Structures are given as C-alpha cells and as structure tokens.
Amino acid sequence: MFLSVIALVAVTLVIPMVAEAQLSSGGHYDAIASALAGFPVVADGEDDYTEWSSMLPGLDPHAVLGFTHVFASPSTSVYHHIYLAPPIWSTLQQIESAGVESVPQQDAATAILTLTHESYHLRFDSSDESRVNACALRDFGSVLVNQFAVPQTVEQSQSAPVTATVRVRQAIWRTIHGKRVRRYVYRYVSKTTYVASTVTVANPAYESLVSAAQSFVVSQPPPYNSGTCS
Ligand SMILES: [Zn+2]
C-alpha cells in the first residue's frame, strides 16, 4: 500500500475534480493537521471511492491512502489541503466519535500515520516520501499522546503486602504464694497488612499502536520504508 503524495501531478488537472467531489472536512482533523504542519491546514476526507478515483487519474485509487499538493500555489483551492482516502477517513471519524480504542489497532495506526504523513509533507515542504514517512513514524508516539489522548504511561493501583513484626501484650494468670495474680507477657508476632499504592506502567494501548505503525511502515514499499528523519 502506498501513502502517496502527488506532488508532481499537474495541479490544474486535479483542481476542478476536487471542486466537484463531495469532500467532508472536519474541523477536528483540520485542527490536528494544522498542529502537525505548524500552520493552518484543511483535512479533506473522502467517503466514496468513485470520487476518490476521480481525484487520482492514472493511479490505483485503492493504493493511495492520502495525498497532498506540496508545492501548490497559494492561489489554488488545493493549497495546504491534505486528502484522505475513504478507509482512512472513516477510521478517523470513528476515532473522533468513540476514541482510538474503538477501532482495530492496525486501522488506527495506519490512519493516524497517514494523517501525520500528509501533514508532514506540508510541514517540511517536502515531496521526499522516505524522509516524510520516517519523520511521521518517529513522531507517531507524540502524535498519539498530544493529538489522540493516548498516554504513554498509565497509573495502576496495586495493593502490596507489608509484613511487620509487632509486639503484643497478653494477660496471663500466675499463682504466686498461693494467690492468683494477673501478669502481662509480651510476644512478638508477624502481622501482614496491605498497603495501596499507585505505580506508573507502560500503557499497553500506546505500545501496541506504536508497534502497529512500525509494522505498517516496514510493510510499505520503498521509498516509504527506507528513510531516516533528519
Ligand atoms: Zn507522501
């Protein structure tokens, strides 16, 4: 599967088709794409493959998860827009309404990485797929934390046994000079109590999303899987 930027596709060819397509733009993902890019970006999601195909002449629409026009002129309607494929957009919609954990982890990782990847084309003003993808993967964890409310660690309460030796007083009766007398003796006994505490542990959801993003990138063809973020 490709995360594709169509930087070199003639912009003039695409503009009228974009204008005709019924794209939905959610303010929520505009805000996230803008935060990722560092300036205002519009995230356009497609919900229909026929329309998606019409935006990608000559390409396999199912192989393209997202694209953007990196070098579009500010006077065009595609300037600082990113476009997201139907499965990516529907996953993001589901995440927005019910949280990251409401979708399969591989879907969530792919959608979030695609959103980040396309936003990073604009942030770095770069059509270098290998570098853009490497940077998106490098920052995937912080995107989870900062934009998707998936913390890296979670607090876990635990109850730990604490065993201590305590001195207890015990009354006994003795007979001294024929009289019954009460005396006290002290004994040491072992006593276990349970102490509640909170520990910070790795968040399993965070860990598995990060590893899902890594395996997604590894599964991509060059140049997507071979870059470094510098
Ligand atoms: Zn790309």
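In which segment does Pro 223 lie, and what can be said about the helix named there?

A: This is a predicted model, and in it Pro 223 lies in the segment after α8. The bond that links Pro 222 to Pro 223 is a cis peptide bond, with an omega of about 5°. As a rule, most peptide bonds are trans.

Turning to the helix itself, α8 covers residues 204-219 and packs against α5, which covers residues 105-123. Two packed helices are described by the angle between their axes and by the distance between those axes. For α5 and α8 the angle is about 70° and the axes are 8 Å apart; since angles of 65 to 115 degrees count as roughly perpendicular, α5 and α8 are therefore roughly perpendicular to each other. Their crossing is right-handed. On the α5 side the contact is made by Gln 105, Gln 106, Ala 108, Ala 109, Thr 110 and Leu 113, while α8 contributes Ser 208, Leu 209, Ala 212, Ala 213 and Phe 216. Sorted by class, the residues in this contact of α5 with α8 are seven nonpolar and four polar, with no charged ones.

Asp 125 is not a glycine, yet its phi is positive, at about 50°, whereas most residues other than glycine have a negative phi. Asp 125 counts as exposed, because it has 10 C-beta neighbours inside 10 Å and the limit for exposed is 12 or fewer.

Notes:
Residues are numbered from 1 along each chain as its sequence is written. This is a predicted model: local features need pLDDT of at least 70, side-chain atom pairs count only at pLDDT 80 or more; totals for chains, interfaces and linings use all residues. Axes are lines fitted to C-alpha atoms, for helices over the stretch in contact, and angles run from 0 to 180 degrees between N-to-C directions. Helices (H or I, at least four residues) and strands (E, at least two) are DSSP runs, numbered from the N terminus. Angles under 35 degrees count as roughly parallel, over 145 as roughly antiparallel, 65 to 115 as roughly perpendicular and the rest as oblique. A crossing is left-handed if the near helix is turned anticlockwise from the far one by less than a right angle, and right-handed if clockwise. Two residues are in contact if their C-beta atoms, placed from the backbone, lie within 7 Å. Ala, Val, Leu, Ile, Met, Phe, Trp, Tyr, Cys and Pro count as nonpolar, Asp, Glu, Lys and Arg as charged, and the others, Gly among them, as polar. A residue is buried if 20 or more other C-beta atoms lie within 10 Å of its own, exposed if 12 or fewer, and partly exposed in between; C-beta atoms are placed from the backbone.
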